[in-house]
Amino acid sequence: MTRITLVQGDITRQSVDAIVNAANSSLLGGGGVDGAIHRRGGPAILADCRKLRASHYGKGLPTGQAVATTAGDLDAQWVIHTVGPVHSQSLDRSELLASCYRESLRRADELGARTVAFPAISTGIYGWPMDDGARIAVETVRDADTAVDEVRFVLFDERAYEAFARQLP
Ligand code: AR6
């Protein structure tokens, strides 16, 4: 059984096996969580991302997929980069958002990571409504077939924390 825990705070301050990054398909950094992870994790993460781009993802990492790199100076062994969908009013992209959580946990299992910290993927710059993003995150992790012991959702502010808390008994 995977334990789901909630923390309000900065994901770059977490001590876990793997930290999930809400990246973009370029894998070359950006704002939000992505910017914070690269800033605090240092240049080793970007160096790994560049190698992955050159070897496997010349056209970018597709939405809904996930890849792992070193965690650099972060207090973790790996960063798992996943690309959330941009929210759309006209198209239902929920399955792609669920895929981010599922694929990140798959990478975690391949690496042997037992504790994994997730941000609320797509709920910032990519515009996903927080309540729906929280529902998809919690349901997907609950249903996942994974050996991860703890999934820790790290929510930046109280509004995000409350949205995730409503999804848990
Ligand atoms: N720790 C935890 N959560 C955070 C942190 C942090 N340090 N910083 C922001 N959040 P976002 P997205 C929250 O925008 O929506 C980047 O430019 C934030 O409040 O980081 O998936 C990428 O390169 C929000 O609830 O990711 C992409 O281009 C959640 O994390 C794009 O943004 C996700 O917000 C991805 O957009």
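1. Of the 24 residues around the ligand, Ala22, Asn24, Gly30, Gly32 and Gly124 come nearest; a residue counts as near if its C-beta atom, placed from the backbone, lies within 6 Å. The elements that give two or more residues to this shell are S2 and helix H1 (32–41). H1 gives the most, with four residues. Helices (H or I, at least four residues) and strands (E, at least two) are DSSP runs, numbered from the N terminus.

2. The model is predicted: local features need pLDDT of at least 70, side-chain atom pairs count only at pLDDT 80 or more, and totals for chains, interfaces and linings use all residues. Residues are numbered from 1 along each chain as its sequence is written.

3. The six strands form an open sheet in the order S1-S6-S5-S2-S4-S3, with mixed pairing; two strands pair if DSSP finds at least two bridges between them. Strand S1 (3–8) and strand S3 (66–70) stand at the edges with a single partner strand each, so one side of each is left without a neighbour in the sheet. Neighbouring strands are turned by 25° against each other on average, direction ignored.

4. Strand S2 (residues 18–23) and strand S5 (residues 115–118) run parallel and are joined by two bridges. Alanine 18 has valine 116 in S5 as its bridge partner.

5. Helix H5 (residues 158–165) packs on the sheet, touching S1 and strand S6 (150–155); contact requires C-beta atoms, placed from the backbone, within 7 Å. The direction of H5 makes about 160° with that of S1, where axes are lines fitted to C-alpha atoms, for helices over the stretch in contact, and angles run from 0 to 180 degrees between N-to-C directions.

Conventions: Contact = placed C-beta atoms within 7 Å.
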